[in-house]
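Notebook open, model loaded. I'm jotting down what I look up as I go.

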Amino acid sequence: MSEQDLRDDHDIVVTLDAILAQRNWTLTQLSEATGITLANLSNLKNGKARAVRFTSLSAICRALECEPGDILTRQ
């Protein structure tokens with residue numbers, strides 16, 4: 001299975017960019033608030049991440065005061 005097939009094998013959409021825009025946050029600010037690397041957050045935001053840890057998702061939700069469903073939706 002190719003890398004493209006792996007990316008296309010789901011219908012989950014990451015809306016982190018919209019939440020950041022609503023809160024006037026940058027990815028750098030989120031990285032500093034959560035301790036998650038900028039590279040990992042960028043991959044998540046751009047839909048390149050293949051997985052997300054619950055600890056990371058929890059940290060993001062705590063920092064942005066949101067729910068997981070605000071960040072991850074199903075297409």
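Which backbone oxygen does the side chain of Thr34 reach? I find that of Leu30, at 2.8 Å. Ground rules first: this is a predicted model, where local features need pLDDT of at least 70, side-chain atom pairs count only at pLDDT 80 or more, and totals for chains, interfaces and linings use all residues. Residues are numbered from 1 along each chain as its sequence is written, and side-chain values use heavy atoms, with hydrogens and water left out.

**Thr34**

I place Thr34 in helix H3 (residues 27-34); helices here are DSSP runs of H or I, at least four residues, numbered from the N terminus. Thr34 has a relative accessible area of 17%, and buried means under 20% (1.4 Å probe, protein chains only), so I log Thr34 as buried. Leaving out residues up to four places away in sequence, Thr34 touches Leu41, Ala59, Ile60 and Ala63; contact means heavy atoms within 4.5 Å.

**Core**

Of its 17 residues, Leu16, Leu20, Leu30, Leu41, Ile60, Leu64 and Ile71 touch the most other members. Helix H2 (16-23), H3, H4 and H5 each supply at least two residues of this core, and H5 gives the largest share, six residues. I also looked up Leu20: not counting residues up to four places away in sequence, Leu20 touches Trp25, Thr26, Leu27, Leu30, Lys45 and Leu64.

Terms used
Buried means under 20% relative accessible area, exposed over 50%, partly exposed in between (1.4 Å probe, protein chains only). A polar contact is a pair of N or O atoms within 3.5 Å; within protein, one must be able to donate a hydrogen and the other to accept it, and residues adjacent in sequence count only if both atoms are side-chain atoms. A nonpolar core is a set of buried Ala, Val, Leu, Ile, Met, Phe, Trp, Tyr and Cys residues joined through side-chain atoms within 4.5 Å.
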